[in-house]
Amino acid sequence: MKIKAFILLLFLIQTLSAQEKRSMTVDDMISWKTIDKKAISNNGKWVAYVVNPGKGDGSLYLYNDSTKQTKVFERGAQFDFGPQNNYLLFTIKPQSDTLHAQKLKKLKKDEQSKDSLGIYFFDKDSLIKFPKYKSFDVPQKEGVWLSFTYEFKMPKDTTKLKNDSLKTDTLEIKPEKTKTKKKNKKQDGHRCVLLHSGSLDTLNFENISDVICSEGGQSFFLYRQIKDSLDTAQVIYFDTKTRVSKTIFSQGGKIAALSTNRLGTQLAFVHSKDTGEVKNYDLWQYATSKDNAVPLIDSMYTNLPKGFRISAEYTPKFSDSGRRLYLGIAPQQFKLPKDSLTDDEKVKLDIWAWTDRRMQPQQLLSLDKDKKKSYLSVFDFKLNRLSVLEDSVWSSRINTQVDPDFYWLYSDFEYQKMQTWTDDSPSDYMMFDYKKNQRFSVAQSKLWQANVSPSGRFVALWDYTQQAWFLYDAANKGMVQLSNNQIDQFSELLHDTPSLRPSNGLMGWTKAEKEVLIFSDLNIWRFTTQSKPIAKNLTESKALQYRYQKINSDDVYLPDVCLLNTFNPKTMNEGFARYQFSNGQLNQLLDTNFAFIPVLASDNRQKYLWSQSSFTHYPELCLSDSNFLNSSVISHVNELQDSLLWGQIHLLDWTDFNGDTLRGLLVLPENLDSTKKYPVIVYFYEKSSNNLHMYWHPRPSRSIINWPYFTSNDYIVFVPDIHYQTGQPGKDAYNAIMSGTKFIAQMPFVDHQKMGLQGQSWGGYQVAYLITQTNWFACAMAGAAVSNMTSAYGGIRWGAGVSRTFQYETGQSRIGQDLWSARDKYIENSPLFFADKIRTPLLMMNNDNDGAVPWTQGIEFFNALRRLQQPVWMLNYNGDDHNLLQWPNRVDLTLRMNAFFDHYLKGTPMPEWMEKGRPALQKDKTMAY
């Protein structure tokens, strides 16, 4: 009955495609355009966005909401609006063809074409450009000045000596032969231009290495590093109101980091007077009320822990009030004795010890980071006090915008070894009482997810073990329970790995911290922070899921009016709602069969910039009022889609072999002919049905099939959701995939003899397992697949340097036990041990620089199938990662994967690389397509 109902519905909604439409090609995917960056001006009258093709030159678009006109700047890239809404500052990339030609000529990077800077002034409708741009800085809130730097060389003096009017030679003074002209050192800095965006007045500063400005544009600070016999660091202060600049610091040495407060009245910077390779740093401060910068914390500062100095790796940050300065400290550096051994005389050895908290690969991978590690501290200007928050054991979770009364500290130091085999490793917790300048213990060995209130007094804690929210009050050191799963579902319902369930998340804190808002599965709950908390369901939904859409990233507390995203788990429809705390009203604003991209808003929140998408609907930019009314589509990126055959997507339900209802997606050709039979590719990765309204950009593959490309080329794509129990990932995948595949095989337009499989990573493993259990499929492609759980269990994720053990005991691989307690489960779920059952031609991709799945997993499986004389091919993209990063490799994978499926599912001729392979001798001579 389900099949008949679906077919009837399909016929009712099916539409015939225009005759002029054609199938998508790989060239279409290469040229496909996407919106990569977008922004709205403070007043909401201007929108800028960058459109880039897969390969080639992009463009910057500027939309004027008053005239409804769009201006295009070729090769425009990074940009920023002026805070007064009067200009757009942006970079201009060199032509890609020019760079390509220069690279072919093997020009050095310094010799290749550089970015330029463009400044477009709205009122004047004028554009000025500066070549060889390096950087720019624009005040974010207010201000009429801006800064940028570019490469500039002072012109040589080409003035020639001329005779004067009396016909006598001008006197030329020659240097004495005994003196040699001093050779000037090449300076690292560039010309900095401070430009007034109204009058276009400019001030030039030479050899500037860094520039920062205050949020309100009151002050600019310029750092100059002068190379000479004695290197000198200088800081120049520019007051935008008086237009006066002055040098506030000039000393030998080097500056590592600068930071200003919001008002531009204070500057903090890190300076070292050491001239050698080993440098120790001091912290300096400048206040605009003073003449010069003064040392704040140096080697003589008594409150600095013994053996520590200021860290150059952490840029100081002022809190919003300017009262506190967050900074990093690090162990003092010492010059090492001169190396007396040559490289070939040195021992090169790593020692793996079972007592190590972190395994050697992880230590080696993070070695540079560990050497540069900073310990967060805070300096209070009013108290003239340094408080050290972190050390080698304790870390902090801090919002540097605020001046809290308490700081939350945590430590996993004693449990790091456990992280090798479990996701559920605990931590110890402490509080730092800022007024008392001391720590006190909160708890040991707890599995908590913590969210600290801005004042630091309250901490909302999700207890993984008890599956409930608790509230900790640091002022009275008390703990009360807020939620439990009896009043609503606060843990993630879809979580199905052997680890403990996470929460659905926390929305935030109201002003004065009288309430904390927490998400349940569907709703938003408000809990008071009093000694006996009162709970209230604000949304009271039984169908829609509500989640908070943060508009202003600077908001410390929840605003009175909150924008909410809505999602219907049954229909996958999305929309927006608004909740107002002052009157408790919840209003639905929009409910559509689309998916939405996060909203951007003007400063007054009267204009919203947003996008909506579906499988067939490109997420063009929309501009509307805050109620999503009076909206207009302002971008038109991919007209090419109108000329291409696409596809139609359907949400599908079926009954699995256990009698349970499962869901998935069926993607059909746009011009489906119900009298024909179509080949099918079954793709999967965990659960995908919630992507019903997602737009799939046609682009060369990083690892998986592109859905609209295949439906455009007369394939059907089937994407089943997989639900897991612990200990049987292979069987659970078989149940979901095969029950769904046999369900769609009954459809009259499905060719059940021409069905293929494709998956990547965890999906690749499922492909490899599935073909050991059934010969249903004509071919299969598995990317980065684990084939042997027994060897993968002890393998390394080289990208992170950690053991893969945790993935099997508590993670995605879902065995739930160690190898020795569940030896049979590891073997039963390993495709390698059943490779002799395989009769399905297999294409594999396992890359030698894969940071997640060791490529030796592919080698094991390839060797097994080769020994068994089964058709198998393995693609190893040299030096590339788990999912391909390099563009030529992505195009190549797309071509080979398409050819593989076309041969087995459509009967096209086998390409050379499949029929004969490609010898290593031919590697640089032919692609063997």
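Two strands are said to pair if DSSP finds at least two bridges between them. Helices (H or I, at least four residues) and strands (E, at least two) are DSSP runs, numbered from the N terminus. With those terms in place, I turn to the structure.

This is a predicted model, in which local features need pLDDT of at least 70 and side-chain atom pairs count only at pLDDT 80 or more, while totals for chains, interfaces and linings use all residues. Residues are numbered from 1 along each chain as its sequence is written, and side-chain values use heavy atoms, with hydrogens and water left out.

Strand β11, residues 190-196, runs antiparallel to strand β12, residues 202-213, and five bridges join them. Within this pair, C192 faces F205 of β12. The two strands make a hairpin with five residues between them, and L200 in the turn has a positive phi of about 65°. Strand β12 also pairs with β13, residues 219-226, again in the antiparallel sense and over five bridges. Here C213 has F220 in β13 as its bridge partner. The hairpin of β12 and β13 has five residues between the strands, and G217 takes a positive phi near 75°.

Next, an open sheet. Four strands form it in the order β25-β26-β27-β28, with antiparallel pairing. The edge strands, each pairing on one side only, are β25 (395-396) and β28 (438-446). Strand β27, residues 427-433, is joined to β28 by six bridges, and S427 stands opposite K446 in β28.

What surrounds S613? This serine lies in strand β42, residues 607-613. Leaving aside residues up to four places away in sequence, S613 touches F594, A595, P619, H693, M694 and Y695, where contact means heavy atoms within 4.5 Å. S613 is buried, with a relative accessible area of 7%; buried means under 20% relative accessible area, exposed over 50%, and partly exposed in between (1.4 Å probe, protein chains only). A polar atom of the S613 side chain lies 3.2 Å from the backbone oxygen of H693.

Finally, helix α13. Spanning residues 887-906, α13 has 20 residues and reaches 27 Å from its first C-alpha to its last, close to the 28 Å expected at 1.5 Å a residue; the expected span is 1.5 Å times one less than the number of residues. Helix α13 is mostly covered, with 14 of its 20 residues buried. After the helix comes G907, whose phi is positive, near 80°.

Notes
A polar contact is a pair of N or O atoms within 3.5 Å; within protein, one must be able to donate a hydrogen and the other to accept it, and residues adjacent in sequence count only if both atoms are side-chain atoms.
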